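Open the model in your viewer and keep the selection tool at hand. Each stop below says what to select next and what is there.

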Amino acid sequence: MNPLNTPVYDLFYHLNTLNGLLFTLENQLNNFEKFYKDSISKTSFDISNIFSGTSLVIRDLTEWPEGGWARYYPSGKFSSKGEEYFELIRVLLARESAWTVSQAYEAFEIFLKDLSSTLLFKNQQMAETKKVKKFKSDSRSNNMAQNCIIFWRKYLDYHYKTNTKKLKLLRKICPDISKGETENNRVVDLTDWFIVVEEIRHSATHSNFVIKTSRMKNWSKAKREMLKKYFPGINIEQGYRLNITSENAKYCLKLFSEYSFQIYKFLSISRGYDWNILKKKEEK
């Protein structure tokens with residue numbers, strides 16, 4: 001049995017779940033909009049009168065009102081009216097699509113670590129002797145035995161902290177991975193694409209869906225074109241504000257799946273493992 005199966009199956013499950021959740025949200029929101037507008041069209045109700053609003057009401061934590069009842073105060077408000085109410089569907093889908101890309105990136109990150117640690121655990125001769133000795137001499141190794149997969153997880157954390165370093169390690173072990181990254185039937189340079197996706201993930205998690213100008217400072221023309229092609233948005237003073245669609249996110253999920261499968265495939269072939277899991281799934 002191929003020991004690398006579990007990491008790729010786990011990733012596929014995660015990415016399919018993200019795809020399913022995004023599909024369901026989009027379907028339900030679109031159905032809601034259609035049903036609501038169809039219902040309104042059958043009446044004399046003016047769509048401009050639709051209103052939705054809410055406020056986050058909060059306590060003053062050091063206030064002790066007489067009578068013992070807590071007091072609440074509005075901290076602000078959020079509202080929409082008329083067509084703007086329905087336009088929020090596009091806003092929600094754009095935000096969820098960006099979050100989906102972010103979650104896919106993190107799932108791929110877990111895949112890289114699980115795959116790399118499993119590969120080294122099963123093929124310990126692949127690890128550089130000097131690096132193994134250095135790690136074992138460090139207190140962070142906790143004197144763990146090498147025949148334990150936790151040892152190799154910690155080893156990766158010690159020597160290959162970033163995804164970039166893990167990918168370089170896998171390319172070094174199996175050079176065919178590099179070829180597949182640049183020569184593929186998607187005609188996408190996956191090395192550039194991955195760098196762009198890293199910034200999508202960062203902006204969705206830390207920058208309110210804006211890629212700051214400083215983070216794109218050293219980007220090549222190819223990366224900038226890739227950003228606009230696969231992750232639409234607008235240029236603003238602070239940088240590039242994402243406005244991606246569910247289709248952009250779904251394409252990203254496909255590429256993560258295909259990228260991971262190529263890494264899995266070439267590593268499996270190099271070790272003589274059975275790798276044709278996609279054909280087996282098709283036959284079921």
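This is a predicted model: local features need pLDDT of at least 70, side-chain atom pairs count only at pLDDT 80 or more; totals for chains, interfaces and linings use all residues.

Residues are numbered from 1 along each chain as its sequence is written, and side-chain values use heavy atoms, without hydrogens and water.

**The sheet**

Select β5, β7 and β6. They form an open sheet of three strands in the order β5-β7-β6, paired antiparallel. Strands are DSSP runs of E, at least two residues; helices are runs of H or I, at least four. Pairing takes at least two DSSP bridges. The edge strands are β5 (210-212) and β6 (233-236), each pairing on one side only. From one strand to the next, the twist averages 25°.

Now zoom in on β5 and β7 (residues 239-242). Three bridges join these antiparallel strands. Lys212 stands opposite Gly239 in β7.

Angles run from 0 to 180 degrees between N-to-C directions of axes fitted to C-alpha atoms, for helices over the stretch in contact.

**Helix α5**

Move to α5 (residues 163-173). Which residues are buried here? They are Asn163, Lys166, Leu167, Leu169, Leu170 and Arg171. Buried means under 20% relative accessible area (1.4 Å probe, protein chains only). The cover includes α2 (83-122), α4 (149-159), α6 (176-182), α7 and α9 (246-271).

**Last stop**

Select Leu56, in the loop between β1 (51-54) and β2 (57-58). Leu56 has a relative accessible area of 62%, and exposed means over 50%.

Terms used: Contact means heavy atoms within 4.5 Å.
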